Every structure is written in C-alpha cells, then in structure tokens.
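Here is a short tour of a two-chain contact and a ligand site. Have the coordinates open as you read.

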Amino acid sequence: MAEWSGYLFLILKGAVTTVELTVLGCMLAFVMAFLGGLGRLSRHFILRAIATTYIEFFRGTSIFVQLFWAFFVLPLIGIPLSPFLAGTLALGLNIGAYGAEVVRGSILSVPREQNEACTALNFSSWQKMRYIIMPQAFILMLPTFGNNAIELLKGTAVVSLISIADMTFQPQVVRSQTGNTTMPFLTILVLYFLISLVISTSVRGLERRLSQGLDVTKA
Amino acid sequence: MGGSDQPIIKIDKVSKSFGSLNVLNELSFDVEPGEKLALIGPSGSGKTTILRILMTLETIDSGHILVDGEELWHIPGNGGLVPANEKHLHHMREKIGMVFQLFNLFPHMTVLRNVTAAPMLTQNVPKEQAEKRAMALLDMVGLADKADAKPAQLSGGQKQRVAIARALALQPKIMLFDEVTSALDPELVEEVLNVMRRLAEETDMTMLLVTHEMQFARDFADRVLFFDAGRIVEQGPPKEIFSNPQEERTRTFLKKVIAAGHAI
Ligand SMILES: Nc1ncnc2c1ncn2[C@@H]1O[C@H](COP(=O)(O)OP(=O)(O)O)[C@@H](O)[C@H]1O
Ligand SMILES: [Mg+2]
C-alpha cells in the first residue's frame, strides 16, 4: 500500500503537468481565438488573410503533426523549444483556431440593431465593440469555449509522445514498474473526468453570472 | 452655422436605391429649427429610409443634405466636395439622435448605464454629472425608480421611454422618431406619446416623427408630409392634411388608416 501511494504520487505529479498544460494552452487559445476571430472580421484585407490562413491551417492539419513540428522541426530552423513549451504552443494554436470561429460567429450573431443603436449614439467602432458587442457576444461564446477547453484538456495527452511526463505518460511508467494496469488507468480516467467537470462547472457558473437579468432577444 | 434664419435640415434632390429598388427619387424638403414634423404615408414609401439617412445609418446615392448649415454626407476636398469620412460623420451625429421602433436598448446594461454610456464615452462627461443628468431624464420619462433594472425587466412602453431618455442624454438638436409606438401593446402607447408631447412642449428641439398614430400627429406636428413611393405627395399643417386633403392618394391613404382603426 505504501508502495502504491508512491505511484499515486507519480500520477498526481503528471496530473499537475496536465493541468499546467491545460491552463497555459487555454490562455494561449483564448488570445488566439480573439486575434483570429477579430482578424477575420477586420476591414483590412491583410489582417483577414492572415487570420483566415491561421484558422484554416490549424484546423486542417492534425494536432499530432503540429506538435511534431513544434518539437522536432522548429529546432532545425533555429527555434529550439522545450517539450512543455512546444506542447503549450501546439495545443493553444490548435484550439485557438477553433475558438476563432466561435468568436467570429458570436460577434456576428449580436443583432444588427445593436450596431445601429451604437451609431445613433455616436460610439466609435472600438467603443461599440468593447462596450456593446463584445459583452453580449462573450456570453454566447462561453458554452463552446467550455467545450473547447475540455477538448484541449483531452488533447494534452498527445504531449506524452514528446516525452512530457503528463497524466497519460505516468501510468505507463507505473504499469511497466508494477505490472498493474487497471489501477493506474482507472486513476487517470477519474482524474481526467474530474478536471473536465471543474472546467464545465466553472464555465457554466460564469455564463449564469454574466447573463443574469439578460434577455438578449427581447431587449 | 445654425442661424435661426436658415433651415436646420435641408434635403436637396436626394436619391436612394436598394439594388434595383428606387426608394427615394430626388427628394427635397427643408425643416425649420424647432419644427415638429410628422412623416406619414403607406408602408414602403421611404419614411424610415429618410430618418436612417439623417442618422447616417444609410448612405445616399446622389443629392445633398445640410444639417445645421453643414453638409452631412460630404466634406470639402479635391477642389469640390468628396464623400464624408468617419471623423466628419462623428461630428455630424452629435447634432442628431434617433429612437427606434424596437427600442434597441443594450440588454447587458442597467437602465441607468444605458443612458449614461454614450455621454460618458462619446462626450467625456464625468460619471457623476452623466448620472445626474440621466436621473433627471429618467425622472422626466417617469422611470427614475427603474434606474437599476435591466431592460428585460421592463415593459415595451418602459423600454421605449428609456430609449428616449438615452437619446436625449446626448442633448441633440434634432430627434428622429421612427414608429416608436408601433411595436407596443395598445395600452402602452399613450405613456410613450405623453413623453413626446412633453418634449414638444418643453423643448425647442427639432423633431421628425414617422408615425401611424394620426391623432397624435395631428396634435403634435407643426407640419405633416404625406409620402408615397419616395416622394412628397402633399404637405401642410395637420389640420389641412387631415381635414381637407387635396390629393386623391392622400385621401385614399387616410381612409385606409381610419378603416384600420386609427382614429384621426
Ligand atoms: N436595407 C434595405 N435593403 C433593401 N431594401 C430596403 C432596405 N431598407 C428598406 N428597403 C426597402 O425600401 C423601401 C422603403 O422602405 P422604408 O423606408 O422602410 O419605408 P417605410 O418606412 O415608409 O415603410 C421598402 O420597399 C423596403 O423594403
Ligand atoms: Mg418604416
């Protein structure tokens, strides 16, 4: 039993790595989602082209390939990344590309009349976006953002391929050392589920708080 | 600029099409400072389009519009006039406010914030002063007790009164009202009309009103313009237009409106 608690500790250490990857990946994805989504809605052709290329490229190629590029190919062109950084980058850029489409769609689904009210009240386009459109669009983004964050959590498992000792990596160590298969994999099954539960619960809580007293369609 | 001897709005041969649909055809009319103008006419005759053009929500294809002595859609350039840029439009919008048929309140903001947002953001009015002015306006429209409510908690009539207070908070010289009661339940119409009556009596704002409320137009307006197919068919003091219309089309329209249950 003492021995098992040692192995459990190993798995929990992997869990910490997974959570760190998830949090940092989500932060990058969040930023990229807004850059990409706003870029696609930009008046400037160049920004639209860059954003569209980013989104299509990262949605159209596999997260595995992106990870291998970040870790194995970038060093060849003089950009060596630590495994952790490569993992964060690949995950954040990949999920950010999906998030960008969510940002774009949500902004577009705020009724046109809200834009017109802003013009009538003489808001600048920045003020309109910042104070009127984005707060309403953000609430619409949240449910899909929650799903994307859980996708990213599940995606973190691929980083064990570049030898990061995450939550998927560690049970395999335990298994090879103890020969016990069920316990370590059952443990991470439960842990993954718990982490995703934390994500979905907090996103839903945030959504509820932000949409309090709100009735977007009847405003 | 803006002398009282010149019209506050001068619409000069303005044309506007949506695709192949010609909505306004070389339309011209003037509005005097402080005048209360009612625009009536069948649906699709271009009344909303005129207000939207004045609010810079639609562009014009040709013609000129002067507001308070300044070109609305043009600025000097290239030795003549060129299309206005955003900076000029921003300057011109200071003079004009608009109230919409469907209120268009900001659903994520309280009533008070709906009214203070624009003065604070676009005129740099300090928060305290903006709130004081907003509370006075909410009081004027009878909604001071709703300052902390969200729009979703209000009735249609209350929403529209907030929308009026919101537009007034920017202290425009000209107010545009586009069928502001037509989305309301009948029993809520009067509370909104009362606010507008007060505005007409207590301020010297220029007001342009598109409406199907003929009784109200008759009391409220200094002048009525009857539109059909993007042209002014007939205009004059309400008494003349409603009691003694000269044009066949005006008569037909008024008959239809009465048949539809709008008393005159
Ligand atoms: N954005 C638009 N695109 C296409 N057609 C439009 C648009 N806005 C208005 N129209 C058309 O222009 C005509 C005049 O519309 P409008 O000014 O709203 O008339 P009214 O307010 O007198 O009912 C209508 O036939 C309407 O369908
Ligand atoms: Mg209309």
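Between chain B and chain A of this predicted model the count is one salt bridge (a side-chain nitrogen of Lys or Arg within 4 Å of a carboxyl oxygen of Asp or Glu). B:Arg52 makes that bridge with A:Glu116, with the closest N and O atoms 2.8 Å apart. Six residue pairs, both at pLDDT 80 or more, are in polar contact between chain B and chain A (N or O atoms within 3.5 Å; within protein, one able to donate a hydrogen and the other to accept it, and sequence neighbours counting only if both atoms are side-chain atoms).

In total, 29 residues of chain B and 22 residues of chain A take part in the contact (heavy atoms within 4.5 Å). The area buried between the two chains is about 2,200 Å² (accessible area lost on being put together, 1.4 Å probe, summed over both), and carbon and sulfur atoms give 64% of this area. On the chain B side, B:Pro107, B:His108 and B:Leu121 lose the most area to chain A, together 26% of what that side buries.

| Residue | Polar atom in | Distance to a ligand 1 oxygen |
|---|---|---|
| B:Ser45 | backbone | 3.2 Å |
| B:Thr48 | side chain | 2.6 Å |

The protein covers 62% of the 560 Å² of accessible area that ligand 1 has on its own (Shrake-Rupley, 1.4 Å probe).

A few conventions: residues are numbered from 1 along each chain as its sequence is written, while chains are lettered from A and ligands numbered from 1 in the order in which they are written. Local features need pLDDT of at least 70, side-chain atom pairs count only at pLDDT 80 or more, and totals for chains, interfaces and linings use all residues, with side-chain values using heavy atoms and leaving out hydrogens and water.
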